[in-house]
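Please consider the structure shown below, a predicted model.

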Amino acid sequence: MGNKNFRVYHYENTFPNLSDLLIPHRKDHYLFVLIRKAIGRQWIDMTPYNLKENSVYFTGPGPIIVKEELKQLWSTGIAFTSEFLSFQESASLSKLPLILNPHSGYELLLCEADIDFVEDMIKKITVEYHHPGEWQQRMLTAYMTVLLTYLSRLYTEQYNDQELSADKVLMNKFQDRINECFLERHEVADYASMLNISAGYLSEVVKVQSGKPAIKHIHDRLVLEARRLLFHTDNSLKEITFDLGFSDASYFSRFFKRETGVTPADYRSSTRKMYQ
């Protein structure tokens, strides 16, 4: 499969590009890294993390990351985009606690049994990643489902006793409402009304909590569903337009191209060549 949406990489006492040390940045993808051995520190949303042996560090689009130093590194990373998640027909991966990260946690400590399990899954994923073919997408999805489900169980065990802040609760409610209503409701004011707050206050909290405007969350959910429909169905552009709550196919096409950089037709054509 194309590596723009899924990538596996290893460091064995080697280092990634260190040009971004001390430079605050946000990732546009999800990243999970198994640390076997490391000496270094990074900050995620103003919280410092001294890298620990036999731990998993994870993040997604939104949090501000600052790499402070890196002196040793033996690790394996798995990076994937929201688009990779969009190819899951059941959308089960996108709903896992580790992906949603309601507690804004970024570190999982592993016991010996956890390490054995995670190492085994990473080996399987790595082998499949380096052998492209007709079944690669399905196999990677299957392995990632098992791995992320396992890590989500660890996540709930390690973080569920932490109380959420009021702003984080509001952020989670906003995301829940989007998932429930995005086909009918496309405006921030609609969700603010459902949550009994002003649109300005909702926008302010969402921007601080996620790093992106509230309207972008709504648009991202619409694009995610559009990608699924374009990839998994043979529905016409007009049918998809109306399924997503748009009244005009040409407007939807402009919206999709603005958000993704390609037209719906080009997206359907290119992804089917890549993944089927």
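**Pocket, cavity and helix packing**

Four strands, E1 (6-12), E2 (30-44), E4 (55-59) and E5 (65-80), each contribute at least two residues to the lining of the second largest pocket. Among the contributors to this lining, E5 gives the most, with eight residues. The second largest pocket holds about 520 Å³ of space. Its lining comprises 28 residues, and those nearest the centre of the pocket are Tyr9, Leu31, Val33, Gln42 and Lys67. By class, the lining of the second largest pocket consists of 16 nonpolar, five polar and seven charged residues.

Rolling a probe the size of a water molecule over the atoms shows where empty space is left. Across the whole structure, one cavity of 30 Å³ or more is found, and the volume of the largest cavity is about 60 Å³. The largest cavity is lined by Phe32, Val33, Leu34, Val56, Thr76, Gly77, Ile78, Val118, Ile122, Leu147 and Leu151. Two or more residues of this lining come from each of E2, E5, H3 and H4. Nine residues of the lining of the largest cavity are nonpolar and two are polar, while no charged residue takes part. Val33 belongs both to the lining of the largest cavity and to the residues nearest the centre of the second largest pocket.

The helices H3 and H4 can be considered next. The axes of H3 (residues 112-129) and H4 (residues 136-159) come within 10 Å and cross at roughly 160°. An angle over 145 degrees counts as roughly antiparallel, and H3 and H4 are therefore roughly antiparallel to each other. The crossing in which H3 passes H4 is left-handed. On the H3 side, the contact is formed by Ala113, Asp114, Phe117, Val118, Met121, Lys124, Ile125, Glu128 and Tyr129. These residues meet Gln136, Met139, Leu140, Tyr143, Met144, Val146, Leu147, Tyr150, Leu151 and Leu154 of H4. The contact of H3 with H4 includes 15 nonpolar residues, one polar residue and three charged residues. Val118, Leu147 and Leu151 take part in this contact and also line the largest cavity.

A further helix pair is formed by H5 (residues 166-181) and H8 (residues 214-232), whose axes come within 10 Å and cross at roughly 35°. The crossing of H5 and H8 is right-handed. Met171, Phe174, Gln175, Ile178 and Asn179 of H5 make the contact with Ala214, His217, Ile218 and Arg221 of H8. Five residues of the contact between H5 and H8 are nonpolar, three are polar and one is charged.

Key:
Residues numbered from 1 in each chain as written. Predicted model: local features only at pLDDT ≥ 70, side-chain atom pairs only at ≥ 80, totals over all residues. Heavy atoms only, no water. Axes fitted to C-alpha atoms, helices over the stretch in contact; angles between N-to-C directions. Parallel < 35°, antiparallel > 145°, perpendicular 65-115°, else oblique. Left-handed = near helix turned anticlockwise from the far one by under 90°. Contact = heavy atoms within 4.5 Å. Nonpolar A, V, L, I, M, F, W, Y, C, P; charged D, E, K, R; others polar. 1 Å grid on protein atoms, 1.4 Å probe; cavity = no way out; pocket = protein on both sides within 12 Å on 5 of 7 lines; lining within 4 Å. Points joined across faces, edges and corners; volume = space filled by probe spheres on them.
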